Structure formats: structure tokens, C-alpha cells
Amino acid sequence: MEGWSSGQTPRRWASPKTTEERFWPHVEKTDYCWNWTASRKGVYGQFLMRNAAGKWYPETAHRVSYRMAYGEIPRGWEVDHLCLNTLCVRPGHLEAVTPTENRRRQAQPRVGESGRFRGRR
Ligand SMILES: [Zn+2]
């Protein structure tokens with residue numbers, strides 16, 4: 001077997017930064033929304049998170065922000081944007097809802113807090 005010599009030092013991460021330190025430099029704060037500016041997946045921002053086992057996995061940016069602000073999201077729940085801006089990561093604009101509630105909201109025309117309209121009047 002190769003690669004298991006004694007005296008090998010464990011691999012260290014070049015950057016010991018916390019999630020917060022890695023996350024916020026990619027956010028552009030406006031008077032209203034805090035917009036994600038780094039990579040995207042579809043309409044949402046994407047951010048790499050590390051789990052307890054040290055593995056990296058992609059998570060949507062607004063869910064990362066929600067978890068940093070409020071804690072874990074209940075399993076299966078979704079994080080809805082009250083401002084209707086899918087790139088927004090401002091915790092005050094986010095709300096965890098059940099998938100059923102999210103579908104119900106998406107089916108209705110809504111007025112975002114910013115005054116923008118979704119759907120027809
Ligand atoms: Zn917002």
C-alpha cells in the first residue's frame with residue numbers, strides 16, 4: 001500500500017477562514033437587498049459549504065445566509081424570498097417555509113416589499 005508512511009502530516013486547508021469570512025465578501029449590500037455576486041446555479045447564488053466530515057458541497061447562497069443568521073433549516077423546508085429577489089441573501093428578507101407553502105405563494109401574484117410586481121394585476 002502506498003501513501004501511508006508514518007510521519008506524514010495531515011493535509012491542512014490553505015485557508016482556515018470561517019463560513020462567514022468566505023461568504024460576505026461576495027455580497028453587495030444595497031439600501032434594500034443584499035445581492036450575491038459570486039457563482040450561480042440557475043436563478044440562485046451558489047456557495048461551497050463544508051460539512052462536519054470536512055467534505056465540500058454546494059448550497060444555495062440564500063440558504064447559507066439563512067442558516068448563519070437563524071440556524072438549521074428544518075429538513076425538506078425551503079427558504080423563500082420575501083423580496084422576490086432570488087439573489088438576495090439578506091436574512092431579514094428570507095423566511096423558511098414548507099414546500100407546500102412555497103408552492104402556494106408562487107401560484108399567487110405577489111407584491112414584493114420593494115414594490116415590484118410578480119405576475120399580472
Ligand atoms: Zn432582498
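Predicted model: local features only at pLDDT ≥ 70, side-chain atom pairs only at ≥ 80, totals over all residues.
Welcome! Residues are numbered from 1 along each chain as its sequence is written.

**The sheet**
- An open sheet is formed by 3 strands in the order 3-4-5, with antiparallel pairing; strands are DSSP runs (E, at least two residues) numbered from the N terminus, and two of them pair if DSSP finds at least two bridges between them.
- Strand 3 (40-41) and strand 5 (56-60) each have a single partner strand, so one side of each lacks a neighbour in the sheet.
- Strand 4 (residues 44-50) is joined to strand 5 by 5 bridges.
- F47 stands opposite E59 in strand 5.

**The core**
- The largest nonpolar core has 9 residues, among them F23, F47, A61 and V64; such a core is a set of buried Ala, Val, Leu, Ile, Met, Phe, Trp, Tyr and Cys residues joined through C-beta atoms within 7 Å, where buried means 20 or more other C-beta atoms within 10 Å of a residue's own.
- Strand 2 (34-36) and helix 2 (61-70) each supply at least two residues of this core; helices are DSSP runs of H or I, at least four residues.

**Confidence**
- The mean pLDDT (the predictor's confidence in each residue, from 0 to 100) is 85, and 78% of residues reach 70 or more.
- Over residues 115-121 the pLDDT is below 50, and this stretch has 8 contacts in the model beyond near neighbours in sequence.

How values were computed:
Buried ≥ 20, exposed ≤ 12 C-beta atoms within 10 Å, placed from the backbone. Contact = placed C-beta atoms within 7 Å.
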